[in-house]
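Welcome! Try each task before you read its solution.

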Amino acid sequence: DEVDGIGVARLRDAALEAATLGSEVVGDAIDKPVEVETKMNATDLVTKTDKNTEDAILKYLRREFPDHMILGEEGGYVGNPDSDFLWCIDPLDGTTNFAHSFPSFATSVGLLYKGQVVAGSVVEFTGGPKCWGMRTYAAGRGLGATCNGDAIHVSDRSTVQESLLVTGFGYDHGEAWAMNMEFFKHFTDVSRGVRRLGSAAVDLCQVALGITESYHEFYLKPWDVCAGVLMVEESGGKVTTLQGDDYTVFSKSMIASNGKVHGEMLHHMKPKVETLSVASELRDLWFVP
Ligand code: IPD
Ligand code: CA
Ligand code: CA
Ligand code: CA
């Protein structure tokens, strides 16, 4: 298993090292006073820790892979624009949770080769004040996915009725966001429950871990999902757009599931998504280098 002459295992280990270095910066800042700034609107937060963590990860990746391209949430594109490799970094996914010491935030580092995810790692912060813990996930294309070093697999539940679902709502409160509120209502009725935790990377890893059956959201960014998508696929799950198309990290809608409830989830959402006035826009890609 090699890409462009580099072993997938080496790339996975590099992603793991990068996410671990980042998580150390986050870990040092937990439960300390946070200064928040806002970005797009009043709910879209950023802290010094987001930036410091991204810097630590960039420093490592630029040293290890000087000829690769990198996309970070806070700093945008850096590196070699001609490279077939693109690292996608979310230094702190779930900034709002972090700022409130609410568990469910993570450092996420994924790697694309010619647009396909080949390696990734997520370090999830669990617990909360007085009992913080960590789960470290890693995956390489074709090598499976692990949590704290042990192989992980999606769950076997095969109906929505017996499923625990998770979704998210981004900072842009538009038409698709409102439709997802309707989906929330529907699925709360027909499943065992719908959770809204606030970190896309964690939401994906929890599907991979087999504790939730399905996760969906609109308008996620490549850095939110790059590592997590591979975790779901390498643990036996399935990822598509909410229109049922092949998913790339540049897609504007996603559903990631254990595979067994995928059809049933899409059956409810796909026809409705197609009626959105932005339905054709959802088929466009974004952040493509
Ligand atoms: C956000 C989280 C959240 C999702 C938003 C993301 P951030 O990332 O992943 O769960 O609902 O769409 O933007 O800003 O905390 O890194
Ligand atoms: Ca953010
Ligand atoms: Ca994010
Ligand atoms: Ca972030």
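A residue counts as near a molecule if one of its heavy atoms lies within 4 Å of it. Keep this in mind for the first exercise, and remember that the model is predicted.

**Exercise 1. The surroundings of ligand 1**

Find out how many residues surround ligand 1, and which are the closest.

Solution. Step one is to count: 15 residues surround ligand 1. Step two is to pick out the closest, which are D93, G94, Y171, G198 and E217. Step three is to look at strands: β7, made of residues 85-93, gives the most to the shell, with three residues.

**Exercise 2. Polar contacts and cover**

Solution. Take the residues one at a time. For G94, a polar backbone atom is 2.7 Å from an oxygen atom of ligand 1. Y171 uses a polar side-chain atom instead, at 2.9 Å from an oxygen atom of the ligand. With A200 we return to the backbone, where a polar atom is 3.0 Å from an oxygen atom of ligand 1. Now turn to cover: on its own, ligand 1 has 380 Å² of accessible area, and the protein covers 94% of it. As for where to look, ligand 1 sits in the largest pocket.

**Exercise 3. The calcium ion called ligand 3**

Which residues coordinate the calcium ion (ligand 3), and are D90 and D93 buried or exposed?

Solution. Begin with the donors: D90, D93 and D224 each coordinate the ion through OD, at 2.0 to 2.2 Å. Next, read their spacing along the sequence, D-x2-D-x130-D. Then apply the cut-off for buried, under 20% relative accessible area. D90 has 0% relative accessibility, so D90 counts as buried. D93 has a relative accessible area of 6%, and therefore D93 is buried too. Finally, look for a neighbouring ion: the calcium ion (ligand 2) is 5.1 Å from the calcium ion (ligand 3).

Methods:
Residues are numbered from 1 along each chain as its sequence is written. Chains are lettered from A and ligands numbered from 1 in the order in which they are written. This is a predicted model: local features need pLDDT of at least 70, side-chain atom pairs count only at pLDDT 80 or more; totals for chains, interfaces and linings use all residues. Side-chain values use heavy atoms; hydrogens and water are left out. Donors are N, O and S atoms within 2.8 Å of the metal (3.2 Å for Na, K and Ca); water is not among the atoms, so sites may look incomplete. Buried means under 20% relative accessible area, exposed over 50%, partly exposed in between (1.4 Å probe, protein chains only). A polar contact is a pair of N or O atoms within 3.5 Å; within protein, one must be able to donate a hydrogen and the other to accept it, and residues adjacent in sequence count only if both atoms are side-chain atoms. Accessible areas come from the Shrake-Rupley method with a 1.4 Å probe; for residues, only the protein chains shown count as cover. On a 1 Å grid over the protein atoms alone, a cavity is a set of points where a 1.4 Å probe fits but cannot get out, and a pocket is an open set with protein on both sides within 12 Å along at least five of seven lines; lining residues have an atom within 4 Å of a point. A molecule sits in a cavity or pocket if more than half of its atoms lie within 2 Å of its grid points. Helices (H or I, at least four residues) and strands (E, at least two) are DSSP runs, numbered from the N terminus.
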